[in-house]
Amino acid sequence: MKKTAFLDSAKQVLNIEAQAIASQVEHLNHKFEAACELILNCEGRVVVTGMGKSGHIANKIAATLASTGTPAFFVHPGEASHGDLGMITPKDLVLAISNSGETSEVLSILPIIKRMGVSLVGLASVPNSTLANLADVYVNIPVSKEACPMNLAPTASTTATLAMGDALAIAVLNARDFDERDFARSHPGGSLGRRLLMYVEDIMHKDGDIPLVSDTALLSDALVEMSSKGLGMTGVTDSQGNLIGVYTDGDLRRTFAARTSLDTPIIEVMTTKPITVRPDILAAELVSMMKDSRISALIVTDNGKAVGALNMQDLLRAGVL
């Protein structure tokens with residue numbers, strides 16, 4: 001087989017599948033809206049089921065729904081007949097997928113689901129199929145031909161069904177006013193989750209790990225504290241524990257350049273009115289603030305008291321940067 005034949009075959013497959021998706025647009029109607037309403041108003045979970053290739057698509061649709069604000073999970077129809085139907089409650093909604101609408105494993109569990117009073121949304125390509133007739137809402141996904149040259153292997157039909165599942169999930173997402181913060185709660189391990197869910201208090205150094213010296217300390221004392229805590233700075237507090245200044249690596253370079261004695265009181269060389277931050281702000285907001293202020297470390301305060309400390313390395317380790 002020539003290399004050009006590989007490319008020609010790939011182009012043909014992609015064109016057929018692209019057409020299969022595009023053709024769904026003209027078939028969208030009030031039944032799609034009704035399916036969205038059922039999903040949106042479901043008081044339980046959306047249970048997605050399908051067999052074979054449709055099962056793989058059903059699994060992905062369930063995952064997409066779950067990550068976009070609709071509690072959902074996949075149930076294998078074969079396993080459902082052997083106990084997994086116990087996962088389904090009357091408040092749930094079942095989204096059943098079958099290209100032909102006649103998949104026996106799927107059809108075998110539908111009477112039980114109907115007797116439970118569970119709403120049923122069916123996705124199939126055959127309008128007069130058993131699934132279409134049993135469903136409370138039937139969404140037609142017509143596909144004229146598969147990308148397989150024998151018109152047998154589920155290809156264009158599974159692609160179109162997957163796209164329709166995405167359409168349902170996103171339509172319901174928009175109806176819920178689902179935003180980035182909601183998405184992040186479903187993806188706390190991702191970069192978006194870290195940016196939108198991680199607060200300063202989650203990553204700051206606390207208690208004995210906060211570099212602090214009193215206002216009676218000498219420059220030498222401050223250097224020892226900075227070296228032991230390793231954040232490139234130390235805070236300076238008064239007798240009531242209020243933060244009154246900081247001494248940083250930058251201050252150190254300046255005092256050494258001026259040949260300042262190590263016996264100099266820290267209050268004479270510290271930076272007064274330092275930039276601080278509250279523990280309850282998003283770490284992502286802190287990144288921008290530190291960059292704009294050109295600082296690499298700071299003290300976290302609450303009502304004027306030092307409650308934490310962090311530097312850019314902490315933000316980097318936390319994955320916020």
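User: Which residue does arginine 254 form a salt bridge with?

Analyst: Aspartate 251. The closest N and O atoms are 2.6 Å apart. Keep in mind that this is a predicted model.

User: Where do arginine 254 and aspartate 251 lie?

Analyst: Both lie in helix H12. They are 3 residues apart, about one turn of the helix.

User: Why do residues three or four places apart point the same way in an α-helix?

Analyst: An α-helix has 3.6 residues a turn, so residues at that spacing point the same way.

User: Is aspartate 251 buried or exposed?

Analyst: Aspartate 251 is buried, because its relative accessible area is 5%, and the cut-off for buried is under 20%.

User: And arginine 254, buried or exposed?

Analyst: Arginine 254 counts as exposed, at 54% relative accessibility. The cut-off there is over 50%.

User: Which residues are buried in helix H12?

Analyst: Gly250, Asp251, Leu252 and Thr255. The helix covers residues 249–257.

User: What covers the buried residues of H12?

Analyst: The cover includes helix H11 (219–229). It also includes strand E8 (243–248) and strand E9 (271–272).

User: What is the relative accessibility of aspartate 166?

Analyst: It is 27%, so aspartate 166 counts as partly exposed. Lysine 60 also counts as partly exposed, at 36%.

User: Now helix H11. Which side chain meets lysine 229 in a salt bridge?

Analyst: That of glutamate 225, at 2.7 Å from N to O. Both residues lie in helix H11. They sit 4 residues apart, about one turn of the helix.

User: Is glutamate 225 buried or exposed?

Analyst: Glutamate 225 is buried, with a relative accessible area of 15%. Lysine 229 is partly exposed, at 24%.

Terms used:
Residues are numbered from 1 along each chain as its sequence is written. This is a predicted model: local features need pLDDT of at least 70, side-chain atom pairs count only at pLDDT 80 or more; totals for chains, interfaces and linings use all residues. Side-chain values use heavy atoms; hydrogens and water are left out. Buried means under 20% relative accessible area, exposed over 50%, partly exposed in between (1.4 Å probe, protein chains only). Helices (H or I, at least four residues) and strands (E, at least two) are DSSP runs, numbered from the N terminus. Contact means heavy atoms within 4.5 Å. A salt bridge is a side-chain nitrogen of Lys or Arg within 4 Å of a carboxyl oxygen of Asp or Glu.
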